[in-house]
Amino acid sequence: MAKANYRSIERKIWQDKKIKALSLESKLLFLYLITNNQSHYSGIYYLPLELIIRELPQFTNKKIKIVILELISSQLICYDDENSIIWIKNMAKYQCKGISPKLIQGIINHLETIESPLIKDFQTYYSDTLSDTLSDTPRCISRIEIENRDIEYKNRDTQKKRQQQTDEIDLGW
């Protein structure tokens, strides 16, 4: 599936209390997170800090961490530093208006490629909006293990593990 070349950003974003309270650097980074080439319309995707620094050279490693913490404390994003996964919390809400089965399937397929504790948070956050479809999303997602700097993909696909993970997550479906 081809990636979209654009993202929708509502004009009223500048009247949002959370956005108004941000520093200039945080506003820039927030817009970057929505529109960069790595982004996914679900709002959850792989984005290492090094890439941000390379694409936004005005940010140092120290500065990017400060700005990310500001966005996290404003409850606009979550970041899984261990796996370099970012989640722009309301991005799917704004990018998937008039949600179609193809968009939902795209989100499901995308979630299956990500290993992060943020997946459960994403599913919980969107449980009302995407409840019927995401309930079929496998709870067993490919896990990335880093050993001796080699990345090994393992598929934990046993029914017992899927059931255990499903039992642990109460999404209200």
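Predicted model: local features only at pLDDT ≥ 70, side-chain atom pairs only at ≥ 80, totals over all residues.

Biologist: Where do W87 and F122 sit in the fold?

Modeller: W87 is in strand β3 (residues 85-88) and F122 is in helix α7 (residues 118-125), so their pair ties together parts that are 35 residues apart in sequence. There's also F122 with Y126: centres 5.0 Å apart, planes at 50 degrees, so that one is tilted.

Biologist: And W87 and F122, buried or exposed?

Modeller: W87 has 2% relative accessibility, so W87 counts as buried. F122 is at 0%, so F122 counts as buried too.

Biologist: Which residues of α7 are buried?

Modeller: L118, I119, F122 and Q123. They cover an arc of only 140 degrees around the axis, which puts them on the same side of α7.

Biologist: Why would residues three or four places apart point the same way in a helix?

Modeller: Because an α-helix has 3.6 residues a turn.

Biologist: OK, switching to α4. What span should that helix have, and how far apart are its ends?

Modeller: α4 runs over residues 61-73, which is 13 residues, so at 1.5 Å a residue it should span 18 Å. Its end C-alpha atoms are 18 Å apart, which agrees.

Biologist: Which of its residues are buried?

Modeller: In α4 those are I64, V67, I68 and L71. Their arc around the axis is only 100 degrees, which places them on the same side of α4. On the face turned away from that buried side you find the exposed residues K62, L69 and S73.

Biologist: What covers the buried residues of α4?

Modeller: The cover includes α2 (24-35), α3 (49-55) and β2 (77-80).

Biologist: How do the axes of α2 and α4 cross?

Modeller: They come within 9 Å and cross at roughly 80 degrees. The two helices are therefore roughly perpendicular to each other.

Biologist: Which residues meet there?

Modeller: From α2 you get E25, S26, L29, F30 and L33, and they meet K63, I64, V67, I68, E70 and L71 in α4.

Biologist: What comes after α4?

Modeller: α4 is followed by Q75, which has a positive phi, near 60 degrees. L76 is in the loop between α4 and β2. With a relative accessible area of 10%, L76 is buried.

Biologist: What is L76 in contact with, apart from neighbours within four places in sequence?

Modeller: K18, I19, L22, F30, L71, W87, I88 and K89. Some names there have come up already: F30 is among the α2 residues that meet α4, and W87 belongs to the aromatic cluster.

Biologist: How far apart are L76 and K89?

Modeller: In sequence, 13 residues; in space, 5.8 Å from C-alpha to C-alpha.

Technical notes
Residues numbered from 1 in each chain as written. Heavy atoms only, no water. Helix = DSSP H or I, 4+ residues; strand = E, 2+ residues; numbered from the N terminus. Expected span 1.5 Å × (residues − 1). Buried < 20%, exposed > 50% of the residue type's maximum accessible area, 1.4 Å probe, protein only. Arc of directions from axis to C-beta. Contact = heavy atoms within 4.5 Å. Phe/Tyr/Trp six-rings, centres within 6.5 Å; stacked < 30°, edge-to-face > 60°. Axes fitted to C-alpha atoms, helices over the stretch in contact; angles between N-to-C directions. Parallel < 35°, antiparallel > 145°, perpendicular 65-115°, else oblique.
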